[in-house]
Amino acid sequence: MEQTKLSVVIITFNEERNIERCIRSVEGIADDVVILDSFSKDRTCEIAAMLGARVVQHVFDGHIEQKNLAITHAKFPFILSLDADEALSDELRQSIQEVKNDKHADGYSMSRITNYCGKWIHHCGWYPDTKLRLWDSTKGRWGGINPHDKYEMDAGSGTELLKGDILHYSYYTRDDHHKQVIKFTDIASTALFAKKKKITVAGMLIRTIAKFLGMYVFRLGFLDGSAGFTICRISAYATYLKYAKLRHLYKKA
């Protein structure tokens with residue numbers, strides 16, 4: 001049986017700290033690696049090209065829009081989509097190789113584990129954080145609400161869960177987390193405003209408290225120690241900030 005060809009697609013912007021690890025993790029299973037870059041100011045494109053990836057540049061139109069565009073530059077319809085701060089575990093790489101040898105589903109999900117300031121997080125609702133990242137691109141597309149994109153398979157498509165983890169090197173410092181909160185709440189509040197979503201002050205406060213309790217207590221964030229508390233606290237603040245920015249947009253309008 002002929003092996004299925006695989007394209008790996010990655011969107012980037014100023015990812016020189018992460019891109020080499022990401023690309024090297026797919027060596028041996030990728031038949032094509034394409035980077036869709038949003039005009040990085042650092043060495044991202046240089047490093048990616050040095051490692052054999054094809055680099056295409058396009059202005060950033062949104063996470064969903066960028067990821068759908070990246071697929072159009074892939075050589076093969078069977079796609080593995082990764083973020084630049086992600087890499088494959090050895091077990092997951094082996095699972096994907098087995099799929100290439102004998103593909104019998106339209107899409108494949110995988111667990112993702114996040115490294116927070118040097119600690120792997122197993123609770124807080126952050127693990128297993130199952131993601132659909134390997135699929136026949138003729139049978140679905142990226143959807144969701146920016147910045148929380150998700151791949152949506154066509155009705156009737158079959159999916160399976162693979163063994164192994166995506167290793168997510170998301171935050172090197174707490175400052176990285178705070179910076180992402182500012183960025184993502186800007187995007188999320190704008191997307192909610194565009195969809196005419198509204199929230200009261202009471203609703204905003206209830207969701208903020210529920211976010212913290214849900215992560216720290218019910219999803220056992222306390223078992224991740226001080227890192228778990230920090231994650232839950234900042235995540236709750238992000239919920240508050242998202243809706244506060246949404247209310248501000250309505251006031252401006």
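**View A. K196 is exposed, with a relative accessible area of 68%, and lies in the loop between α5 and α6.** The model shown is predicted, with local features requiring pLDDT of at least 70 and side-chain atom pairs counted only at pLDDT 80 or more, whereas totals for chains, interfaces and linings use all residues. Residues are numbered from 1 along each chain as its sequence is written, and side-chain values rest on heavy atoms, with hydrogens and water left out. Accessibility is classed as buried under 20% relative accessible area, exposed over 50% and partly exposed in between, with a 1.4 Å probe and protein chains only. Helices (DSSP runs of H or I, at least four residues) and strands (runs of E, at least two) are numbered from the N terminus. Although K196 is not a glycine, its phi is positive, at about 65°. N14, also not a glycine, has a positive phi of about 55°; this residue belongs to the loop between β1 and α1 (19-24) and, at 33% relative accessibility, counts as partly exposed.

View B. Most residues other than glycine have a negative phi, and most peptide bonds are trans.

View C. Contact here means heavy atoms within 4.5 Å. Not counting residues up to four places away in sequence, V9 touches V34, A70, A74, I79, L80, S81 and L82. With neighbours within four places in sequence again left aside, T12 is in contact with I19, I35, L36, D37, S38, S40, T44 and A84.

**View D. S137 occupies the loop between β8 and β9 (140-145).** At 18% relative accessibility this serine counts as buried. Apart from its neighbours within four places in sequence, S137 is in contact with I71, P77, I79 and Y151. S137 and K75 are 62 residues apart in sequence, and their C-alpha atoms are 11 Å apart in space.

**View E. Aromatic side chains pair within the model, the count coming to 13 pairs.** Rings of Phe, Tyr and Trp (its six-membered ring) are paired if their centres lie within 6.5 Å, with planes under 30 degrees apart counted as stacked, over 60 as edge-to-face and the rest as tilted. Y116 and W126 form an edge-to-face pair, 6.1 Å centre to centre with 65° between the planes. This pair links distant parts of the chain, ten residues apart, with Y116 in strand β6 (residues 107-116) and W126 in the loop between β7 (119-121) and β8 (131-136). Y116 is buried, with a relative accessible area of 2%, and W126 is buried as well, with 16%. The rings of F212 and F229 have their centres 6.0 Å apart and their planes at 85°, so that this pair is also edge-to-face. Because F212 lies in helix α6 and F229 in helix α7, the pair ties together parts that are 17 residues apart in sequence. F212 is partly exposed, with a relative accessible area of 21%, and F229 is partly exposed, with 38%. F212, Y216, F222 and F229 form one aromatic cluster.

**View F. Helix α6 (residues 201-218) packs on helix α7 (residues 225-252) at an angle of about 160°, with their axes 9 Å apart.** Axes are lines fitted to C-alpha atoms, for helices over the stretch in contact, and angles run from 0 to 180 degrees between N-to-C directions. The two helices α6 and α7 are therefore roughly antiparallel, a class for angles over 145 degrees, with those under 35 roughly parallel, 65 to 115 roughly perpendicular and the rest oblique. On the α6 side the contact includes V201, M204, L205 and R207, and on the α7 side it includes G228, F229, I231 and C232. By class, this contact of α6 with α7 has 13 nonpolar, four polar and four charged residues.

Notes: Ala, Val, Leu, Ile, Met, Phe, Trp, Tyr, Cys and Pro count as nonpolar, Asp, Glu, Lys and Arg as charged, and the others, Gly among them, as polar.
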